[in-house]
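New notebook page, new structure. I'll jot down what I looked up, starting with charged pairs and then going on to a sheet.

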Amino acid sequence: AGFANSGTKGYWAGGYGTAYGSPTNQGFMQEISSIWFSSDSIGTESATIPLYSSMGTYEAGGMANSGTAGYICGGYIGPDGVTGQTRVMKLTFSSGSLSTLSDSLSVGKRNAGTYADSGTAGYSTSGAVNSGTGLTTDKVTFSTDATSVLSAQILIAQERGVGFANTAGL
């Protein structure tokens, strides 16, 4: 999952390591890494993605409410046979703390396209779901961290989507 605090830092969270980790995590990452745009220096955040079923997370989507928080949506905890996740996690930029929202995605999904209208809401569209490829678009309203499902949906199921942002002033 990737997202940015515009003008400050870029973040990437989770993923799949090139070598297997511990017997319980097996390369599915918990780390949240970042790059300072001003100096191109790279580091690892102190917050980490919690283990689920003894695994880290990969194939999650990321979006940001620039200046406030980044969101990590869904994902896959592997190995084969373990379902996509419904959880939405929030990294608060000012404190560096990570929390899991009480609201979640409508279906467990991974490889979804995620994008944001900074200051308003973020979206997670389609992706691989627990029983194939989904059509739903979930919305996270940034002011309340509440999730909902849009009534308008895409017509063709898509997986491994990309993300984008609408940030005022660009």
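Before anything else, my working rule: I call it a salt bridge when a side-chain nitrogen of Lys or Arg sits within 4 Å of a carboxyl oxygen of Asp or Glu. Also a reminder to myself that this is a predicted model.

**Entry 1: salt bridges**

How many salt bridges does the structure hold? I find 3.

I looked at E45 and K9 to begin with; their side chains meet in a salt bridge at 2.8 Å, N to O. E45 is in the loop between β4 (42–44) and β5, while K9 belongs to strand β2 (residues 9–13), so the pair links distant parts of the chain, 36 residues apart. E45 has 16% relative accessibility and K9 has 9%, so with a cut-off of under 20% I note both as buried.

Next I checked D145, which forms a salt bridge with K90, the closest N and O atoms being 2.8 Å apart. D145 lies in the loop between β14 (137–141) and β15 (146–149) and K90 in strand β7, so this pair ties together parts 55 residues apart in sequence. Buried or exposed? D145 is buried at 15% relative accessible area, and K90 is buried at 16%.

Then K109 and D138: again a salt bridge, with the closest N and O atoms 2.8 Å apart. K109 is in strand β9 (residues 109–110) and D138 in strand β14, 29 residues apart. Both of them are buried.

**Entry 2: the sheet around β7**

I found an open sheet of 4 strands in the order β5-β6-β7-β8, paired antiparallel. β5 (61–65) and β8 (97–100) are the edges, each with a single partner strand, so one side of each has no neighbour in the sheet. From one strand to the next, the twist averages 20 degrees.

I went through the pairings in order. β5 and β6 (residues 69–73) share 5 bridges, and G61 stands opposite C73. β6 and β7 are joined by 5 bridges as well, with A69 opposite T92. β7 and β8 pair over 4 bridges, where L91 has L98 as its bridge partner.

In the hairpin of β7 and β8, 4 residues come between the strands, and G96 takes a positive phi near 75 degrees. In β7 (residues 88–92), 4 of the 5 residues are buried, so the strand is largely enclosed by the rest of the structure.

**Entry 3: T114**

T114 counts as buried at 6% relative accessibility. Its side chain reaches the backbone oxygen of G62 at 2.8 Å.

Key. Residues are numbered from 1 along each chain as its sequence is written. This is a predicted model: local features need pLDDT of at least 70, side-chain atom pairs count only at pLDDT 80 or more; totals for chains, interfaces and linings use all residues. Side-chain values use heavy atoms; hydrogens and water are left out. Two strands pair if DSSP finds at least two bridges between them. Helices (H or I, at least four residues) and strands (E, at least two) are DSSP runs, numbered from the N terminus. Axes are lines fitted to C-alpha atoms, for helices over the stretch in contact, and angles run from 0 to 180 degrees between N-to-C directions. Buried means under 20% relative accessible area, exposed over 50%, partly exposed in between (1.4 Å probe, protein chains only). A polar contact is a pair of N or O atoms within 3.5 Å; within protein, one must be able to donate a hydrogen and the other to accept it, and residues adjacent in sequence count only if both atoms are side-chain atoms.
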